[in-house]
Structures are given as C-alpha cells and as structure tokens.
Amino acid sequence: MALPYMDKHRGFPGRLPGTDFQFVLRRANKDGATPLSQRIRYPDRRPADKRADAGFIQALWEAFGEEPFVRGNLDAGRLSWLFGREVIPAEDPFDPASYEAMLRIDVKVARQSFPDIPGLNE
C-alpha cells in the first residue's frame, strides 16, 4: 500500500534544538494525516513546552511569514498546540485531517502570545 502524498518542507527545522520536541515528520502515516485539533494551553505548562511552542511559531514565521502554507510534513501534535489561535485555516472548507490543508499564521494573535519572537513583532 502506498503512503499518502505529503509535501516536505525542506530547510524547516526538524526539532527544537537541544530537545526531543519534534517539528516535522519523516514520512506520511499509512492511515492518513492525524487530524489537527485545538489543544488547551494551561498557564502552568512546563517551561520546556512553552519554549517548544515559541520555537515552532518562530520557525513557521521565518519559513512562511504571513503567507498561507501547506500542512505537509509539519507535526500535527506541535501544530495542535497553536491551532485555532496563532495558526488558523487558510481555506474554507478546511480538512483538519489532510496533509494538503492550507494554514496561515494569525499575526495579531501570534504577536500577543509570543511578544519575544524576533521578526514577528517588528
């Protein structure tokens, strides 16, 4: 059985440097893309988790800026921590379980959530 098609974001960091927080997938899931869902970010999350969120939004900003981008091989778990707030659908209808789904950064929300990200708040 062939794996579903999945765009790969060449040059995008594979993980947060010095950690095991994954940013991209190596290959498509044979059962299809894991659906994106909005995860609740409680204020008492571990500092390492907060750094991973900030590192991921910074990588997204540096790679795509305000332009829409395809989900492709971006990690669904990491995206779900930002989905519905800083990262929103860029198409209607939106399929949360598609590798070909288009997303974009909601710059206003991202600036409020991550005021220390270089380039985002300039």
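Leu120 is buried, at a relative accessible area of 0%. Buried stands for under 20% relative accessible area, with a 1.4 Å probe and protein chains only. This is a predicted model: local features need pLDDT of at least 70, side-chain atom pairs count only at pLDDT 80 or more, and totals for chains, interfaces and linings use all residues. Residues are numbered from 1 along each chain as its sequence is written, and side-chain values use heavy atoms, with hydrogens and water left out.

Leu120 sits in the segment after helix H3 (107–113). Helices (H or I, at least four residues) and strands (E, at least two) are DSSP runs, numbered from the N terminus. Leu120 and Glu62 are 58 residues apart in sequence, yet 8.7 Å apart in space, C-alpha to C-alpha.

Asp75 belongs to the loop between strand S1 (69–70) and helix H2 (76–80). Asp75 is buried and has no salt bridge. That term requires a side-chain nitrogen of Lys or Arg within 4 Å of a carboxyl oxygen of Asp or Glu. Arg78, the nearest side chain of opposite charge, is 5.3 Å away. A polar atom of the Asp75 side chain lies 3.3 Å from the backbone nitrogen of Gly77.

The table lists contacts (heavy atoms within 4.5 Å), not counting residues up to four places away in sequence.

| Residue | Touches |
|---|---|
| Leu120 | Trp61, Val107, Ala110, Arg111 and Phe114 |
| Asp75 | Gln22, Phe23, Val24 and Leu25 |

Pro93 lies in the loop between strand S2 (87–89) and strand S3 (102–105). The peptide bond from Asp92 to Pro93 is cis, with omega near 5°.

How values were computed:
Buried < 20%, exposed > 50% of the residue type's maximum accessible area, 1.4 Å probe, protein only. Lys, Arg positive; Asp, Glu negative; His and termini not counted. Polar contact = N/O pair within 3.5 Å; in protein donor to acceptor, adjacent residues only side chain to side chain.
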